[in-house]
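Trainee: I would like to learn how to read a protein model residue by residue. Please go through one with me.

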Amino acid sequence: MSRVIDWKNIVEESNGTKERKKDIRLFLDCVYKNKTYAQNYSNDVITVMFPGMGNQGGFRPCGARNGAIPKYVVIYSTGKDIYWPDELDEELGLYTYYGDNKVPGSDLHDKKGNQILRDVFEMSSSSDVNVRKNIPPFFLFERDSIGGVKFRGLLVPGYNSVPSREWLTALWAKRDEGGRFQNYKSIFTVLDTSSGSDDKTGEASIDMRWIDDLKDGLGFDSPYAPLAWKNWIKSNKYLPLKSNIRPRIRTKEEQLPEDSERKKMLNMIIDYFKDDPTRFEYLAISVVTLADNNILEDPIRTRSVKDGGRDGIGKYKLMNNLQTPLDVTFAVEAKCYNPNSNSVGVKELSRLLSRIRYRQFGVMVTTSYVGPDAYKELIADEQPIAIISGGDLLELLYRFEQVNNCDSLDLYLKINYPKDRKDGEII
């Protein structure tokens, strides 16, 4: 449970005006509550905390009029855009953000947010400190279910283990109703601010008086500026906020789709393969290749046997930035189960585990979910098995195959897995 700070402890109201109180700090994963649950401009805590920025949309710059570089930027994620899902990797301290051009027939830079991304990422490649001092810090917030915003971190453009040419890339996409457009995919580092500031060393939280100095053009010289951010400006040295995340047991609800359309899609897959579940293995193997681009060669479907065990075998590449990377073997098992009647249990996981050898791993793909006892045993024993549940399967098909509704799924299945294809036949 995150710490919650109420509106009255954040905002000073007097004669119809609202100002941020002087002693407010930004704490990682702390929730700052709006005045009321129903969010609007007058009750929006984030607009009081960050004066001078825009009050709408997910990309809110301060001081960016007439093409100027903003003083700072607030990224506000609602988590509702399923077509462009921004993603925070807490383990690596890496944030993937998609730009704001999402309308067919428009130019990549028609939207102000994309113009800012272009200019800021260009500045971040400079070695001139005087240029880099003008790079605005990015503050990441997510909408919280209790009627507030959760602070998720201080961002800077780029990431040290991602090639710089991939920090900002233009992608082509299309809308369901038709029409193509380009949008940016950008990579940010979440900075580890635990070194504090000149004003207070060793204090990971951020003094919001820095926001006022940023607005006045004094961000780099401010005694409240996080040292990690100043060091990045001066030396281009990234210090990501990495977290050692322990594996956890996902509930049934977390493993299965939530919305009605995807529930229908999952039932469609189960019904499509119900007369010959072994043919589901072809789909499962394809989905595994979508899960990670370090797969050296596509898994090969093994001969059907009564007791199952391994439905596919593939090669996974390690240390792929070396001229001589390593590769390890992994096994795939597929279970086309109805989640209303069957889950993957200890028996199925044990069977897959018995088929993999030392320095190998397994992938379980199912239209259902892994039961709590089996999941608990998998984590407690640190078993080298990855899980692709029914919800994961649909998410991968959406992200990489643009399969996002029943109609597109029906077409995808008929083209890629026709029922009249003979076992082993390649189309």
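Predicted model: local features only at pLDDT ≥ 70, side-chain atom pairs only at ≥ 80, totals over all residues.

Trainee: Is Arg-262 buried or exposed?
Mentor: Arg-262 is found in helix α7, residues 260-272. Helices (H or I, at least four residues) and strands (E, at least two) are DSSP runs, numbered from the N terminus. Buried means under 20% relative accessible area, exposed over 50%, and partly exposed in between, with a 1.4 Å probe and protein chains only. Since its relative accessibility is 14%, Arg-262 counts as buried.

Trainee: Which side chain does the side chain of Arg-262 join in a polar contact?
Mentor: Leaving out residues up to four places away in sequence, Arg-262 touches Pro-257, Leu-394, Glu-395 and Tyr-398; contact means heavy atoms within 4.5 Å. A polar contact is a pair of N or O atoms within 3.5 Å; within protein, one must be able to donate a hydrogen and the other to accept it, and residues adjacent in sequence count only if both atoms are side-chain atoms. At 2.9 Å, the partner of Arg-262 is Glu-395.

Trainee: Within what arc do the buried residues of α9 fall?
Mentor: Helix α9 (residues 346-355) has the buried residues Glu-348, Leu-349 and Leu-352. They line one face of the helix, because seen down the axis, by the directions from it to the C-beta atoms, they fall within an arc of 95°.

Trainee: What do the buried residues of α12 pack against?
Mentor: In helix α12 (residues 406-416), the buried residues are Cys-406, Leu-409, Tyr-412 and Leu-413. They are on the same side of α12, because they cover an arc of only 120° around the axis. The face turned away from that buried side carries the exposed residues Asp-407, Leu-411 and Ile-415. The buried residues pack against α7, α8 (280-291) and α11 (390-401).

Trainee: Which residue caps the N-terminal end of α12?
Mentor: The cap uses a side-chain oxygen, which lies 3.2 Å from the backbone nitrogen of Asp-407. That oxygen belongs to Asn-405.

Trainee: About how far apart along helix α12 are Lys-414 and Asp-410?
Mentor: The side chains of Lys-414 and Asp-410 meet in a salt bridge (3.1 Å, N to O). A salt bridge is a side-chain nitrogen of Lys or Arg within 4 Å of a carboxyl oxygen of Asp or Glu. Because they are four residues apart in α12, Lys-414 and Asp-410 are separated by about one helical turn.

Trainee: Which residue forms a salt bridge with Arg-250?
Mentor: At 19% relative accessibility, Arg-250 counts as buried. The closest N and O atoms are 2.7 Å apart, and the partner is Asp-392.

Trainee: How many salt bridges does the structure hold?
Mentor: Side chains of opposite charge can pair when their charged atoms come close. Asp-29, Glu-90, Glu-142 and Arg-152 are linked in a network of salt bridges. The count for the structure is 18.

Trainee: What is the phi of Asn-66, about?
Mentor: Asn-66 lies in the loop between β6 (59-62) and β7 (72-77). With a relative accessible area of 83%, Asn-66 is exposed. Although Asn-66 is not a glycine, its phi is positive, at about 55°.

Trainee: Where is Glu-382?
Mentor: Glu-382 has a positive phi near 50° and is a residue other than glycine. At 70% relative accessibility, Glu-382 counts as exposed. Its place is in the loop between α10 and β19.

Methods: Residues numbered from 1 in each chain as written. Heavy atoms only, no water.
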